Amino acid sequence: MILPPLPTRVAVVGTGLAGLRTAAELRGQGFTGRLTVVGEERAAPYDRPPLSKELLTRTAPVDLAGEGYGELTALADELLTGHRAVALDAGDDGARLTVAGPDGTREVAADVAVVATGAGPVVVPGWSDVLTLHDLHDAARLRELLRPGARLAVIGAGWVGAELATVAAAAGVDVTVLEGGPVPLGHVLGPRVGELLVPWYAERGIALRCGATVTTADASGVGLADGSRVAADVVVAAVGVRPSTAWLSGSLPLTARGAVPVDLTGRVRGGPASVRAVGDCADRHSPRDGIVPGAHWDGALSHPAALVADLLGAADGPAPDPAPYVFSTQLGHELTVVGHVPPGAEVVLRGEPGAGPWTALYVVTDAEGVPRLHAGLTVDRPRDVGALRRALSAPEHPVVDPLAAADPAIPLRKTFT
């Protein structure tokens, strides 16, 4: 078999965590060719989770270079900040990017282009003067507006909505959270576990309204389908993100949600050999879990290593398939989700919610009648996180003893057989 030549020119599109880590892995794994990095933001790469978790207490961005993740000015031969990729022409023998900047458009040619453009907040047509919380500009504007006594309406009780509501309420803001689903985070954690989170809002002095269908929204408040209106001084939409891939339409295959479909090494499924994708803009196919959407910080951090190893012909064995992992600080609790929660899974609780730390395990009985663990949520129980990550990153979902797993006194790792 004739192996393709190793690339001598690589272009990385995106200067967030995934793009930065791709550049750092390229240099760390021995790439000595020309590296061009293109990014729309002018700011040096920064960490996004603190924007919501520490919105009002950390006013300066968390610089990723200072955290040891790499420094683009030292890694790239050419760093084009303030430039937006607008088109991609790619084949098996190379890729050509069209990027737009302050001085017009230009082309960047490369043997391989790595798409790491992330995702942007969903903006609902017809909602006027409704804010989002996604970047440094968003955070700075909200800090100016969220003063004690101000009325904040948050649309969406997902990760960002809950974290924003938490910090705002703690600062004396009058907070109402409007969730279209029956429970918070139900689309991620399922209805039974989502119901367990409902009391947390009242405990923090936050009004939560579930099943609230928003019909209108503007700077003065939110109108609901039942005819009621929630008056507010600030309205923030936290209704999810969408992959920043519109510029790739017609150039690469995209999934139903607009993400680039990739394998474990970032190769585009059904796409040209000269393109890879990683991070929040990609939907990753896992032989164990099926299609796993991006939009998780841990994936942007860890997945570039396997992408670069494959790209440089340095992969040693099968590509790793780490379990999806997300963490959140909200409503006085520390949450982690490990794995991909399947619909209809049986929920096994370790510990008693409301009476201390607890973990929810998601168990699916396979065709042979064997109970297998597919995911886990820990609430203030970090001791279970390591066992979950190890077990759920194995090639197959582990067999679990549900009765033993329900006993919080038994180490979780000992319940796998």
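Mentor: Start with strand 2 (residues 34-39), which is mostly covered. This is a predicted model: local features need pLDDT of at least 70, side-chain atom pairs count only at pLDDT 80 or more, and totals for chains, interfaces and linings use all residues. Residues are numbered from 1 along each chain as its sequence is written, and side-chain values use heavy atoms, with hydrogens and water left out.

Trainee: What makes strand 2 "mostly covered"?

Mentor: Five of its six residues are buried. Buried means under 20% relative accessible area, exposed over 50%, and partly exposed in between (1.4 Å probe, protein chains only). The strand itself is a DSSP run (E, at least two residues; helices are H or I, at least four), numbered from the N terminus.

Trainee: How do you know that strand 1 and strand 2 pair?

Mentor: Two strands pair if DSSP finds at least two bridges between them. Strand 1 (residues 9-13) and strand 2 have five, in the parallel sense. So they pass the test for a pair. R9, for example, has R34 in strand 2 as its bridge partner.

Trainee: Which strand pairs with strand 2 over four bridges?

Mentor: Strand 3 (residues 78-81), again in the parallel sense. There V37 has L79 as its bridge partner.

Trainee: Why is the unit of strand 1, helix 1 and strand 2 called right-handed?

Mentor: Point the strands away from you. A crossover is right-handed if the path from the first strand over the helix to the second runs clockwise. Strand 1, helix 1 (residues 17-28) and strand 2 make a right-handed β-α-β unit.

Trainee: What makes strand 4 and strand 6 edge strands?

Mentor: They belong to an open sheet of three strands, with the order 4-5-6 and antiparallel pairing. Strand 4 (84-91) and strand 6 (104-110) each pair on one side only. Strand 5 (residues 94-101) and strand 6 pair over seven bridges, and R96 stands opposite A109 in strand 6.

Trainee: Why is the pair of W297 and F327 called edge-to-face?

Mentor: Rings of Phe, Tyr and Trp (its six-membered ring) pair if their centres lie within 6.5 Å; planes under 30 degrees apart count as stacked, over 60 as edge-to-face and the rest as tilted. W297 and F327 are 5.9 Å centre to centre, with 80° between the planes. W297 lies in helix 8 (residues 297-311) and F327 in strand 21 (residues 325-330), so the pair ties together parts that are 30 residues apart in sequence.

Trainee: What makes the pair of Y325 and F327 tilted?

Mentor: Their ring centres are 6.2 Å apart and their planes are at 40°, so the pair is tilted. Ring pairs link Y69, W297, Y325 and F327 into a cluster.

Trainee: Is Y325 buried or exposed?

Mentor: Y325 has a relative accessible area of 15%, so it counts as buried. F327, at 29%, is partly exposed, and W297, at 23%, is partly exposed too.

Trainee: What does V364 touch?

Mentor: Contact means heavy atoms within 4.5 Å. Not counting residues up to four places away in sequence, V364 touches P342, A345, V370, P371, R372 and H374. V364 is found in strand 24 (residues 358-365). Its relative accessible area is 25%, so V364 is partly exposed.
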